[in-house]
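Take a look at the model below. We will walk through it step by step, from charged pairs to the core.

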Amino acid sequence: MLSCREFAKGGFMTDADDWFAALDPAQAETLGRLRGLILGSADGITEEIKWRQPCYSRHKLFCYLQKSKSHVTLGFQQGARMPDAPGLLEGEGKELRHVRFTPGADIPDEAVKTLIGEALALDGA
């Protein structure tokens, strides 16, 4: 397993469990909860490290998790096409949208589940 310092210097983690194990405790709690919501949302979801972050696919890539010093991000590949019933999505790009969470803060589980469901509905489209 690579340490966070080795990872920052260009090391490449290929195992999602290693990526999560290298997080600081507040990030680990928040990202771990998001990971559980994603993996528990449907059968056949694959988790792999791409672009140095966990990415999730069923038929194709539908979401990813990302960390930074001040927040964590749940991003959606086809977010611009999602209805965003909870009204949480941010971003103005052509395709991607995301939701930012402060590590350690409450996660609105039902709203996140709704967004994941919307992304999965587009996954086969």
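A salt bridge is a side-chain nitrogen of Lys or Arg within 4 Å of a carboxyl oxygen of Asp or Glu. The structure holds six of them. Before we visit some, a word on the model. It is predicted: local features need pLDDT of at least 70, side-chain atom pairs count only at pLDDT 80 or more, and totals for chains, interfaces and linings use all residues. Residues are numbered from 1 along each chain as its sequence is written, and side-chain values use heavy atoms, with hydrogens and water left out.

How confident is the predictor? pLDDT is its confidence in each residue, from 0 to 100. The protein averages 89, and 88% of the residues score at least 70. Residues 1–10 have a pLDDT below 50. Beyond near neighbours in sequence, this stretch has 15 contacts in the model, where contact means heavy atoms within 4.5 Å. Where pLDDT is low, the predicted coordinates should not be read in detail.

Now for the salt bridges. Start with D17 and R35, whose side chains meet at 2.7 Å, N to O. D17 sits in helix α2 and R35 in helix α3, and the pair links parts of the chain 18 residues apart. Helices (H or I, at least four residues) and strands (E, at least two) are DSSP runs, numbered from the N terminus. Are these two residues buried or exposed? Buried means under 20% relative accessible area, exposed over 50%, and partly exposed in between (1.4 Å probe, protein chains only). D17 has 47%, so it is partly exposed. R35 has 16%, so it counts as buried. D17 and R35 also belong to a network of salt bridges with E47.

Next, find R58 and D123. Their closest N and O atoms are 3.2 Å apart. R58 lies in the loop between β2 (53–57) and β3, while D123 is in helix α4, so the bridge ties together parts that are 65 residues apart in sequence. R58 is partly exposed at 31% relative accessibility. D123 is buried at 1%.

E110 and K113 bring their closest N and O atoms to 3.4 Å. They are three residues apart in helix α4, so about one helical turn separates them. E110 is exposed at 55%, and K113 is partly exposed at 43%.

Turn to the nonpolar core. This is a set of buried Ala, Val, Leu, Ile, Met, Phe, Trp, Tyr and Cys residues joined through side-chain atoms within 4.5 Å. The largest has 28 residues, and L34, I38, F62, L74 and F76 touch the most other members. Elements that each supply at least two core residues include α2 (16–21), α3 (25–39), β3 (61–67) and α4 (109–123). Helix α4 gives the most, with six. Look at L74: leaving aside neighbours within four places in sequence, its contacts include L34, I38, V99, F101 and V112.

Finally, strand β2 holds Q53. At 11% relative accessibility, Q53 counts as buried. The side chain of Q53 makes a polar contact with the side chain of Q66, at 3.2 Å. A polar contact is a pair of N or O atoms within 3.5 Å; within protein, one must be able to donate a hydrogen and the other to accept it, and residues adjacent in sequence count only if both atoms are side-chain atoms. Beyond four places in sequence, the contacts of Q53 also include W19 and Y64.

Terms used: pLDDT is the predictor's confidence in each residue, from 0 to 100.
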